[in-house]
Amino acid sequence: MGKEARPNWDNPVQFVLACVSYAVGLGNVWRFPYLCQMHGGGGFLIPYLIMLILEGIPLFYLELAIGQKMSLGSIGAWSAISPYLGGVGLASVVTSLYLCLYYNVINAWSFWYLFHSFQSVLPWAECPLNTNQTGPLEECEKGTPTQYFFYRETLNISPSIEEHGGIHTGQAMCLVLAWVLTYLFIVRGVKSTGKVVYFTALFPYVVLLIYLIRGFTLHGALNGVAYMFTPKLEQLANPTTWINAATQIFFSLGLGFGTLIAFASYNQYNNNFERQAIIVSFINCGTSIFASIVTFAIYGFKATVNYENCLERTRLLLLNTFDQAEDSINMGNVFEWIERLNSTFPEQFAGIANRLEGCNLEKELDTAVEGTGLAFIVYSEAIKNMPVSQLWSVLYFIMLLLLGMGSMLGNVTAIITPLRDFKCVSNLSDELLNGVVCVLCLLLGLGFTTTSGNYWFTMFNDYGANFSLLFIVLVEVLAVSYIYGIKRFEKDIEDMLGHRPNWYWKIMWGGVSPFLLIALFIVYVVNYIRGGTPTYQAWNKELGKSVVMEYPVFAQVFIGLLLVSSISCIPLTALYVYCEKRKNGRRLNTVST
């Protein structure tokens with residue numbers, strides 16, 4: 001099975017760090033805190049941990065066992081289990097390719113922000129002046145400086161996906177840099193990756209720890225942390241809470257991409273992957289909680305600053321309107337004065353009623369943002385208000401970059417390892433094969449640096465992997481449990497570990513995990529159908545904010561291709577193998593007669 005010349009990790013620690021570097025990614029920083037915010041703060045941890053035990057760890061264990069047993073990439077491993085299942089590995093490779101195309105764009109953005117952090121004043125801290133130098137640019141003034149820097153300076157975004165423009169030269173250069181760095185990290189295959197993961201896996205924790213210490217010293221940080229850990233248990237009765245918990249566990253661990261199978265294929269045959277599966281799963285879960293504490297401390301600071309600025313604007317409005325003494329109204333008694341002035345001067349107060357803002361700290365904390373909006377807008381807005389903001393900006397974007405690069409190592413390995421198992425490329429050097437894959441992904445990814453590129457990025461992010469991964473992993477667990485057979489799988493594990501898996505693993509693989517995956521798959525399909533025409537957020541520079549727009553017909557067709565292209569590999573490969581067997585069988589019959 002190609003085991004003889006296969007390289008191995010230098011030690012088990014490298015394998016664990018590679019899995020941690022891959023699994024702990026940007027989703028831990030920008031997706032999990034958002035879900036906590038949406039689904040009851042600390043109460044969300046209950047379904048999250050339950051789904052980790054019922055779904056996450058068993059499926060993580062299953063993929064590591066397959067990779068280590070077969071010592072092959074995803075295509076070879078599933079073909080070894082059954083020739084009809086080779087399409088499962090192929091589907092994983094296609095999905096990983098889609099991910100590679102757009103994921104490194106995030107790293108390009110991190111480079112862009114990192115390079116712009118070395119300035120005396122952060123460029124997203126204030127609006128640039130208009131051409132007449134008489135005031136700020138209208139687009140920036142209607143939005144915020146952080147929004148303007150992201151949408152106009154970073155993306156130079158078009159008003160819709162239908163309006164195309166040229167490549168953003170700065171972003172294209174950052175994308176080239178991201179792919180050069182990715183290539184250097186994987187240039188010699190697992191030997192290079194094994195060295196790099198010590199840094200990509202561990203350094204983000206150093207930055208998170210520094211940010212945690214700094215975060216707790218910020219004004220209002222405890223408001224955010226208290227918000228996170230105050231459970232809203234009524235959310236446990238909401239089915240969406242449980243669905244999002246299961247989905248987050250599934251995608252956070254990186255199941256279905258073929259990366260875990262590829263990483264495990266470089267293990268020694270008797271490596272204790274069972275213990276490692278549990279360790280990595282809980283490290284990933286713990287990191288999500290740790291990152292959320294840091295994020296909510298920053299949230300608390302940002303929300304408190306916005307709340308107090310709102311109170312200050314209200315205070316000045318009352319002072320100027322009612323001619324009160326400067327020190328009579330302060331932020332602590334603004335609401336008392338509003339009631340007093342409203343009852344004392346009702347007619348005069350009615351004249352400013354429409355100018356009064358509804359200052360509410362809880363409302364500020366309830367404002368939920370995820371994805372790039374959290375990473376590049378909300379965090380940037382908080383950073384610009386910190387003392388020595390350049391230092392914190394550099395640290396933050398280095399952390400984002402390392403989290404993204406760590407995941408990219410796994411994504412590219414999921415493509416290269418199966419390719420390496422094919423005879424037609426087995427004679428190519430690691431440097432050449434890895435270089436060809438990186439250059440191909442770079443060229444295809446340049447489309448995301450155009451003016452409408454961010455809309456295509458969103459499309460790939462929303463539809464390129466979610467649906468297909470659920471289907472891939474569902475087929476994986478059903479294939480192992482009911483085609484390969486759990487008893488046969490048990491014997492393989494016993495051969496590697498010296499003992500058979502206990503009843504917990506068998507119950508999860510044979511019933512609970514498949515049931516949860518089927519339920520998630522059905523919910524995803526139903527939500528997609530009921531959702532009507534797919535929509536996206538388009539930046540409207542006249543309004544200075546994002547507006548919801550429907551995807552045009554050509555984009556809807558492309559979404560359909562994204563959804564079908566990867567999962568169709570599974571039935572098409574099985575059909576091809578069946579036809580080849582029928583064809584070869586006829587030839588044999590002809591020869592024997």
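**Figure 1. Asn-156 sits in the loop between helices α8 and α9 (169–186).** Have a look at the backbone here: phi of Asn-156 is near 45 degrees, which is a positive value in a residue other than glycine. Asn-156 is partly exposed, with a relative accessible area of 35%. (Buried means under 20% relative accessible area, exposed means over 50%, and partly exposed is in between, using a 1.4 Å probe and protein chains only.) The helices in these views, H or I with at least four residues, and the strands, E with at least two, are DSSP runs numbered from the N terminus. Keep in mind that you're looking at a predicted model, where local features need pLDDT of at least 70 and side-chain atom pairs count only at pLDDT 80 or more, while totals for chains, interfaces and linings use all residues. Residues are numbered from 1 along each chain as its sequence is written, and side-chain values use heavy atoms, with hydrogens and water left out.

**Figure 2. Ser-71 is another non-glycine residue with a positive phi, here about 50 degrees.** You'll find Ser-71 in the loop between α4 (45–70) and α5 (74–81). At 6% relative accessibility, Ser-71 counts as buried, whereas Asn-156 from the previous view is partly exposed.

**Figure 3. Thr-146 belongs to helix α8 (residues 145–154).** Its relative accessibility is 0%, so Thr-146 counts as buried. Who does Thr-146 touch, if you skip residues up to four places away in sequence? The list is Trp-124, Ile-377, Ser-380, Glu-381 and Lys-384. (Contact means heavy atoms within 4.5 Å.)

**Figure 4. Gln-248 is part of helix α12 (residues 239–252).** Gln-248 is buried too, at 6% relative accessibility. Leaving out residues up to four places away in sequence, Gln-248 touches Gly-27, Arg-31, Phe-32, Leu-35 and Tyr-48.

**Figure 5. Trp-9 and Phe-263 make an edge-to-face pair.** To read this view, remember that a pair of aromatic rings is described by the distance of the centres and the angle of the planes. Rings of Phe, Tyr and Trp (its six-membered ring) pair if their centres lie within 6.5 Å; planes under 30 degrees apart count as stacked, over 60 as edge-to-face and the rest as tilted. By that rule, the count is 48 aromatic pairs. For Trp-9 and Phe-263, the numbers are 5.6 Å centre to centre and 70 degrees between the planes. This pair links distant parts of the chain, 254 residues apart: Trp-9 is in the segment before α1 (12–23), and Phe-263 is in helix α13 (residues 259–264). Trp-9 counts as buried at 7% relative accessibility, and Phe-263 is buried at 1%.

**Figure 6. Tyr-211 and Trp-392 have ring centres 5.6 Å apart and planes at 70 degrees, so they're edge-to-face.** Tyr-211 comes from helix α10 (residues 190–217) and Trp-392 from helix α19 (residues 389–420), so the pair ties together parts that are 181 residues apart in sequence. Buried or exposed: which is Tyr-211? Tyr-211 is buried, with a relative accessible area of 3%, and Trp-392 counts as buried at 10%.

**Figure 7. Arg-340 lies over the face of Trp-337.** The distance from the ring centre is 4.3 Å. (A charge sits over a ring if NZ of Lys or CZ of Arg is within 6 Å of the ring centre and within 35 degrees of the ring normal.)

**Figure 8. Helix α1 is mostly covered, with 10 of its 12 residues buried.** Among the buried ones are Phe-15, Leu-17, Cys-19 and Tyr-22. From first C-alpha to last, α1 reaches 17 Å, close to the 16 Å expected at 1.5 Å a residue. (The expected span is 1.5 Å times one less than the number of residues in the helix.) At the start of α1, a side-chain oxygen of Asn-11 reaches to within 3.1 Å of the backbone nitrogen of Val-13.

**Figure 9. Strands β1 (residues 535–540) and β2 (residues 545–550) run antiparallel.** Six bridges join them; two strands pair if DSSP finds at least two bridges between them. Thr-535 has Glu-550 as its bridge partner in β2, and Gln-537 has Val-548. The hairpin has four residues between the strands, and in it Gly-544 takes a positive phi near 70 degrees.

**Figure 10. Phe-422 lies in the loop between α19 and α20 (423–426).** Phe-422 counts as partly exposed, at 39% relative accessibility. How many residues apart in sequence are Phe-422 and Gly-76? They're 346 residues apart along the chain and 8.4 Å apart in space, C-alpha to C-alpha.

Terms used:
A polar contact is a pair of N or O atoms within 3.5 Å; within protein, one must be able to donate a hydrogen and the other to accept it, and residues adjacent in sequence count only if both atoms are side-chain atoms.
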